[in-house]
Amino acid sequence: MEINLAGLLPEALLIDLPEIDAQHEEIFRRIESLKAACFGSGPVSFAEFETLLDYLEYHFASEERIAKAVGVDFAGHATVHRDNLHALQKAFAEVRNGARDVHSFLRYAEYWFERHIAVEDRPFAASVKNSRAKSGDGLRPASSS
């Protein structure tokens, strides 16, 4: 799997929606930053975990906004997002209470996003691009890999 030279997001996880690809990159950058901080000897900053969760809400809202703008049905995808956010918030509460390890939380978050992008965001992006093409909304050619 080739790595995108711009950052941490592997090319296989690019969905060719620049705004969303940039947000996915930011999610993985934040997870990696938290992993690095957790391997230090100092205490874990829970505030940084909270900003990750806040950013996820922002990202999910961005996808919903894009879907709405082009008329793509997003109800099922939105449910997946809500369920994931709820699960991550619950797991983070367990981290705060000492019932869950920060590393397992971060591994879960990273794996979930890799799978979600590959399985659910890729078809979402195709639907957005198809809708844009039908409406003549300036669809740019797909990037070559």
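This report walks through the helices, their packing and the salt bridges of one protein model.

**Overall build**

The model is predicted. The protein has 4 helices and 0 strands. Along the sequence, the pattern reads α-α-α-α. The chain has 145 residues, and 39% of them count as buried. The accessible surface comes to about 8,100 Å². Carbon and sulfur atoms hold 55% of that surface.

How much of the contact in the protein joins residues 24 or more positions apart? Take the contacts with a separation of 6 or more: such residues account for 68% of them.

**Helix against helix**

Start with helix H2, residues 46-70, and helix H3, residues 75-96. Their axes are 11 Å apart, and the packing angle is about 175°. An angle over 145 degrees counts as roughly antiparallel. H2 and H3 are therefore roughly antiparallel to each other. On the H2 side, the contact residues include Phe46, Phe49, Leu53, Leu56 and Phe60. On the H3 side, they include Ala78, Leu85, Leu88, Phe92 and Val95. Charged residues take part too, among them Glu50 and Glu57 of H2 and Arg96 of H3. By class, this contact has 10 nonpolar, 4 polar and 5 charged residues.

Now move on to H3 and helix H4, which spans residues 102-135. Their axes come within 11 Å and cross at roughly 175°. That makes H3 roughly antiparallel to H4. From H3, the contact residues include Val80, Ala87, Leu88, Ala91 and Phe92. From H4, they include Phe105, Tyr108, Trp112, Phe113 and Phe124. The class count here is 13 nonpolar, 4 polar and 2 charged residues.

**Salt bridges**

Side chains of opposite charge can pair when their charged atoms come close. The structure holds 9 salt bridges.

| Pair | N to O distance |
|---|---|
| Lys129 and Asp16 | 3.8 Å |
| Glu32 and Lys35 | 2.9 Å |
| Glu110 and Lys35 | 2.9 Å |

Which parts of the chain does the pair of Lys129 and Asp16 tie together? Lys129 lies in helix H4, and Asp16 lies in the segment before helix H1 (18-38), so the pair ties together parts that are 113 residues apart in sequence. Is Lys129 buried or exposed? Lys129 has a relative accessible area of 18%, so it counts as buried. Asp16 is buried as well, at 11% relative accessibility.

One partner is Glu32. Glu32 and Lys35 both lie in helix H1, 3 residues apart, which is about one turn of the helix. Glu32 has 31% relative accessibility, so Glu32 counts as partly exposed.

The other partner of Lys35 is Glu110. This pair links distant parts of the chain: Glu110 sits in helix H4 and Lys35 in helix H1, 75 residues apart. Glu110 is buried, because its relative accessible area is 16% and buried means under 20%.

What does Glu110 touch, leaving aside its neighbours within four places in sequence? Glu110 is in contact with Phe28, Ile31, Glu32 and Lys35.

Finally, Glu26, Arg29 and Arg30 are linked in a network of salt bridges.

Terms used. Residues numbered from 1 in each chain as written. Predicted model: local features only at pLDDT ≥ 70, side-chain atom pairs only at ≥ 80, totals over all residues. Heavy atoms only, no water. Axes fitted to C-alpha atoms, helices over the stretch in contact; angles between N-to-C directions. Helix = DSSP H or I, 4+ residues; strand = E, 2+ residues; numbered from the N terminus. Parallel < 35°, antiparallel > 145°, perpendicular 65-115°, else oblique. Contact = heavy atoms within 4.5 Å. Buried < 20%, exposed > 50% of the residue type's maximum accessible area, 1.4 Å probe, protein only. Areas by Shrake-Rupley, 256 points an atom, 1.4 Å probe, with all protein chains shown as cover. Salt bridge = Lys/Arg side-chain N within 4 Å of Asp/Glu carboxyl O.
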